[in-house]
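Here's a walk through one model, contact by contact. Keep the viewer open and follow along.

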Amino acid sequence: MKRGIRNIKKCDDELFKKIDQYKKCWGEDKHYYIKQIQIINLYYEEGGKVDELVKNKEIERLYARADFLLIQNSLFDNLITCFYSLVISVIASFVCQMMECENVWLTFVWMVTILLSFFGIILSRYAEKGQAGSYRYYIDEYERDLLLQKITDLEKELTITGDDEQILETKQIVINELIRIRQKKKLKKQKEKLETDIKQVGQLDLCIGDYNACYIQKIHINGVVGCLVYDREKGKENNYIGELNLINQEYSILYQILNRYDLISYCEKEK
């Protein structure tokens with residue numbers, strides 16, 4: 001419950017906290033709504049602070065903010081729906097009890113009272129305009145529309161080459177194998193070490209983009225075909241085998257993890 005309430009109330013991101021700090025007020029008027037829109041426009045303008053996240057491809061932070069705004073917009077309706085469900089179940093229980101009453105007039109009075117209560121509760125939702133008198137949800141919708149456009153633009157930029165796809169597949173194969181090994185371990189320390197290695201592999205930036213100066217060496221990862229990338233010229237001296245002359249430090253870390261769990265063997269050399 002504590003985590004749920006926190007996730008409803010706060011967006012745990014330093015950038016977006018700067019926007020949310022302006023939401024606190026005592027009474028909402030036109031100046032309040034104008035201020036909110038002005039702040040949002042400032043942060044979401046071209047070249048603004050949100051564009052820094054797009055530039056750095058921090059898509060998880062954009063997704064987290066979009067999810068937070070969605071929760072804010074749907075929370076009121078969800079609470080109302082839950083409340084109505086509870087009320088309907090209580091009314092249904094009273095109706096069942098009244099059906100057993102032998103006094104017709106008492107039953108009639110109870111039925112009228114229940115119906116009036118039911119409609120009164122339904123109409124109470126509209127006793128105040130907006131959501132309990134607030135139009136803040138329009139502000140959240142406006143920000144979310146801007147945010148979703150930023151997310152869409154970033155998603156369209158996130159492309160890879162066919163060679164990069166080979167690398168990502170290799171990375172996923174390694175992760176799958178480490179997870180499989182972890183499932184077989186019983187000691188807590190062994191599991192924790194494997195979890196650390198799995199996270200480290202997941203964070204490795206192995207995609208090169210331009211492979212003109214690279215040699216892609218096929219390998220077997222516990223029998224499944226993957227690949228490592230070596231420096232095309234320097235790798236000749238060790239026949240593109242082992243840790244020496246891998247294209248960068250990221251691949252050295254990957255090789256060390258593969259070697260640690262005896263997952264790697266080399267395929268026949270291809271040119």
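What follows covers ground rules, ring pairs, salt bridges, a hairpin, the cysteines and a surface patch.

## Ground rules

This is a predicted model, so to speak of local features at all pLDDT has to be at least 70, and side-chain atom pairs count only at pLDDT 80 or more, while totals for chains, interfaces and linings use all residues. Residue numbers run from 1 along each chain as its sequence is written, and side-chain values use heavy atoms, with hydrogens and water left out.

## Aromatic rings

There are five aromatic pairs in the structure; rings of Phe, Tyr and Trp (its six-membered ring) pair if their centres lie within 6.5 Å, with planes under 30 degrees apart called stacked, over 60 edge-to-face and the rest tilted. Take Tyr 32 and Tyr 33: the ring centres are 5.4 Å apart and the planes sit at 75°, so this pair is edge-to-face. Tyr 32 is buried at 4% relative accessibility, and Tyr 33 is buried too, at 16%. For those labels, buried means under 20% relative accessible area, exposed over 50%, and partly exposed in between (1.4 Å probe, protein chains only).

Tyr 33 also pairs with Tyr 135, with centres 6.3 Å apart and planes at 65°, so that one is edge-to-face as well. Tyr 33 belongs to helix H3 (residues 30–44) and Tyr 135 to the loop between helix H6 (104–124) and helix H7 (136–157), so the contact ties together parts that are 102 residues apart in sequence. Helices (H or I, at least four residues) and strands (E, at least two) are DSSP runs, numbered from the N terminus. Tyr 135 is partly exposed at 33%.

## Salt bridges

The count here is 14 salt bridges, each being a side-chain nitrogen of Lys or Arg within 4 Å of a carboxyl oxygen of Asp or Glu. One of them joins Arg 61 and Asp 13, at 2.7 Å from N to O. Arg 61 lies in helix H5 and Asp 13 in the loop between helix H1 (2–9) and helix H2 (14–20), so the pair ties together parts that are 48 residues apart in sequence. Arg 61 is partly exposed at 24%, whereas Asp 13 is buried at 9%.

Asp 51 and Lys 150 make another salt bridge, with an N to O distance of 2.7 Å. Asp 51 is in helix H4 (residues 49–55) and Lys 150 in helix H7, so this link spans 99 residues of sequence. Asp 51 is buried at 18%, and Lys 150 is buried at 14%. Then there's Lys 236 with Glu 233, whose closest N and O atoms are 3.6 Å apart. Lys 236 is exposed at 53%, and Glu 233 is exposed at 54%. Elsewhere, salt bridges with shared partners join Asp 20, Lys 23, Arg 65, Asp 140 and Glu 143 into one network.

## The hairpin

Strands E1 (residues 214–221) and E2 (residues 224–231) pair in the antiparallel sense over eight bridges; two strands count as paired if DSSP finds at least two bridges between them. E1 and E2 form a hairpin with two residues between them, and Asn 222 in the turn has a positive phi of about 55°.

## Cysteines

How many disulfides are there? The count is zero, where a disulfide is a pair of cysteine sulfur atoms within 2.5 Å. The sulfur of Cys 214 has its closest cysteine sulfur in Cys 227, 11 Å away, too far for a bond. Cys 214 is buried at 4% relative accessibility, and Cys 11 is buried at 8%.

## A nonpolar patch

Leu 86, Val 90, Phe 94, Leu 106 and Trp 110 make a nonpolar surface patch of about 440 Å². Patches are built from residues with over 30% relative accessible area and no salt bridge, joining like charges within 9 Å and nonpolar side chains (Val, Leu, Ile, Met, Phe, Trp, Tyr) within 5 Å. Accessible areas come from the Shrake-Rupley method with a 1.4 Å probe, and for residues only the protein chains shown count as cover.

Helix H5 (59–99) and H6 are the elements giving two or more residues to the patch. H5 gives the most, with three residues. Leu 86 is found in helix H5 and is exposed at 53% relative accessibility.
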